[in-house]
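Visitor: I have a model on the screen and want to learn how to read it. Where do we start?

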Amino acid sequence: MASAVLYDRLQFALTATFHYLFPQLTMGLALLLVYFKSRALWGQDEHYNRVARFWTRIFAITFAFGVVTGIPLEFQFGTNWARFANYAGGVIGQTLGMEGLFAFFLESSFLGILLFGEEKFGPRAHWFAALMLLIGSWLSGYFIIVTNAWMQHPVAYTVAANGTLHVTSLWALLTNEWLVWQYPHNMIASVATSAFVMAAVGAYYQLSGVHAAYARTFLSTGVVAAATASLLLIFPTGHGAGRQVFASQPVTGAAFEGVFHTEDGAGIVLVGQPNMETLTIDNSLTVPWVLSLLVYQHAKAEVKGLDAFPRDTWPDNVPLLYYAYHVMIGLGTIFVAITLAALFMLWRRRLSQTTWLLWVLMLSAPFPYIANTAGWMTAELGRQPWLVYGLLRTSEGTSPLVSSGNALFTLLGFLGLYALLGLLFLFAVFHTIHKGPGDAEQSRQAGGAA
Amino acid sequence: METLWFAIVALMLAVYVVLDGFDFGTGIVYLFVARTDAERRTVLHAIEPVWDGNEVWLIAGGGLLFLAFPRAYAAGFSGFYLALIMVLWLLILRGVSLGLRSHLESPLWREFWDKVFALASLLLAVVFGAALGNLIRGVPLNAEGYFFTAFWTDFRPGPAPGILDWYTVLMGVEGAAVLTVHGASYLAMKTVDEVQRRARLVAELGLWVIAALTVAAILAIPVIQPGLRRNYDAHPIGYLLPLIALGALAGLFYCRRRQQDIAAFLASSLLILGLLGSTAWGLFPNLLISSVDPAYSLTVANAAASPAGLRAAFAWFIVGFSLVVAYSLYIYRSFWGKVEAPSGDYGEY
């Protein structure tokens, strides 16, 4: 049965990672849609309504894929992680139930109005529907992050006589201190994804010499939002989240940074490969004192290394965790460089003519997805070997009677189905982008007139 | 408090079956009642603004089951592992087919997704019926409160049954028949002309099938799960629920004869609520009945979360549920009435 844990973990990792490719676009896009709808409503500018209609089409496809790939996650708590569900359901059942009742109904109800009700309900109601989608999707993100924050940093629980956990205070659960950085960091990362995608589509139109008015709006909105988000991701949210890990999960922090040995005035490793045989970083490039300075505001402060903790509490895959963390940080830094350059050119009104930068913007669209995925890998691998930090080990959370063969079968099934879904999604989105904002608008009016 | 939560979870799931049931039913009858592309787009337009919201009742119902009875959630979901994963795959294919179908003009592309949509809807209806059959028949829960069932063993209900046996297959067919009539009644109400004529025909013929299958399913209960009568004997007021179902079935025959489409749809909704309500009345206090030893059954008493947690959850449930009812009424009122042929809204992307 040992391998069943591995298949269960891989299946959850696959389904959660694939699912999150969709909401990270829609949550951020909801914010940008409200911005466009507000400009259209109060600025009396029909251009912004046309812009919003184009992005609503992208939103609709993405949202549909997000919904269908989201259901397996809730189900898997029961199907593959039954002992965890039984153990922690008294706490996280609350947040998952709230998500369904407060967020999902709000989203799905107003999505109907956003997609099918623009003519029927008028501009104010349509703006309101966009706002409700923003609130619904960000609430949904909130309840999921509350659930994850509790697994990272359990609060507000007692252990009952039968060994399972019960919630003691909903307020304490919903205001877990872990949320202070994790929630804004995650939501701003989703804004970054949508802003980069918007700028990339703008760059594509600009470079192709089509839809000039739309290209300008997509580029300027995308670049400003992406620059703001990229900066906020590093400071204060990323910095705060990192310090929180060092405070509550010091062994995880040590693995992030590849600190094998406790030292005073620890340096920060920029590049290098963790070597689990010798417990060192091979070929490292290190800047002295910086890690101590970042974490403890003191160049000579002691940073505890992995050697300060028993080996069975180390994250079980230190190199993967280390790489995921460094991919996230590295990409985050590159995003700041790209978006500040684009922002400068936008300010000088030269962005539309700067071909090389437009190419960079267009090709950078996949990278926020990679950074978001690496960020979640950092959070989830960093929590190992615990499912609920300090309380329940991952190997103790599986379903006792689901054999490894069954878990492997469904893992492979998901792999095949999701490969197909990924292709279909890319096809549908590229097709929509290729058709462009104008054409659909004309056919819409032609259809309405006929 | 546990009893109240049993009622809440049962209510959420029953509303789910009524609401998502009509769009499953629409999928089942889709290829038959809508022949041309224009007809198919009209039929899809009748469910497009609402199907996604209907599916949320399943997710929310599942979430509340997890909240109130974590032990039953853990046991049930891991025990029906294979069936549930296939439900997920079918739900995914069905949702994607609705999203992508009208994306391209190509008739082949549309035909392909139309068939995926119809087949996934039919299979899901059968699976949900069979799932209800499994709850009534019982599952091989062991002393630790877990079980695992294969798809089928020898097709006989017994101490070691499969997910499919003759009884659960019967229930699966019954489920598909009830949802077929429900979906056809919905379309008869929402459409006009040829599509409406065909939908009415399906609804009328399907009624006889439902009546026959329901009699068979009821006759099987003393063999399958005699304990289901216990609550009815103790509290005869429960007989009101099957009477409601019976009245709704009679009402369906009556309304169908007079082609009163709105009343017929309401009657078929009431029929579903009556049938599920009758089952829930009989099952209480059991959530999962053990076919191995009745002492291993999971009940509202031994599977519930803490009383304090349930009380706290009830407070926010009332607030959230009122909001849900308000939006749902608003949305259904907004999209009320006959559906027009779509003019190329965002559904076409």
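Visitor: Is T252(A) buried or exposed?

Guide: Buried means under 20% relative accessible area, exposed over 50%, partly exposed in between (1.4 Å probe, protein chains only). T252(A) has a relative accessible area of 1%, so T252(A) is buried. A word on the ground rules: this is a predicted model, where local features need pLDDT of at least 70, side-chain atom pairs count only at pLDDT 80 or more, and totals for chains, interfaces and linings use all residues. Residues are numbered from 1 along each chain as its sequence is written, chains are lettered from A and ligands numbered from 1 in the order in which they are written, and side-chain values use heavy atoms, with hydrogens and water left out.

Visitor: Which residues does T252(A) touch, leaving out those up to four places away in sequence?

Guide: Contact means heavy atoms within 4.5 Å. T252(A) touches V245(A), P315(A), G382(A) and Y389(A) on that count. A polar contact is a pair of N or O atoms within 3.5 Å; within protein, one must be able to donate a hydrogen and the other to accept it, and residues adjacent in sequence count only if both atoms are side-chain atoms. Here a polar atom of the T252(A) side chain lies 2.8 Å from the backbone oxygen of G382(A).

Visitor: Where does T398(A) lie?

Guide: Helices (H or I, at least four residues) and strands (E, at least two) are DSSP runs, numbered from the N terminus. T398(A) lies in the loop between β8 (392–393) and α14 of chain A. T398(A) is buried, at 8% relative accessible area. Its side chain makes a polar contact with the side chain of R83(A), at 2.8 Å.

Visitor: How do I read the interface between chain A and chain B?

Guide: The size of an interface is often given as the accessible area lost when the parts come together. Buried area is that loss (1.4 Å probe), summed over both parts. Between chain A and chain B about 6,400 Å² is buried, and carbon and sulfur atoms give 76% of that area. In chain A, F75(A), F105(A) and F116(A) lose the most area to chain B, together 12% of what that side buries. The contact takes 74 residues from chain A and 67 residues from chain B.

Visitor: How many residue pairs are in polar contact between chain A and chain B?

Guide: The count is 9 residue pairs, both residues at pLDDT 80 or more. The largest share of the side of chain A that touches chain B comes from α4(A), with 27 residues.

Definitions and conventions. Buried area is the accessible area (1.4 Å probe) that two parts lose on being put together, summed over both.
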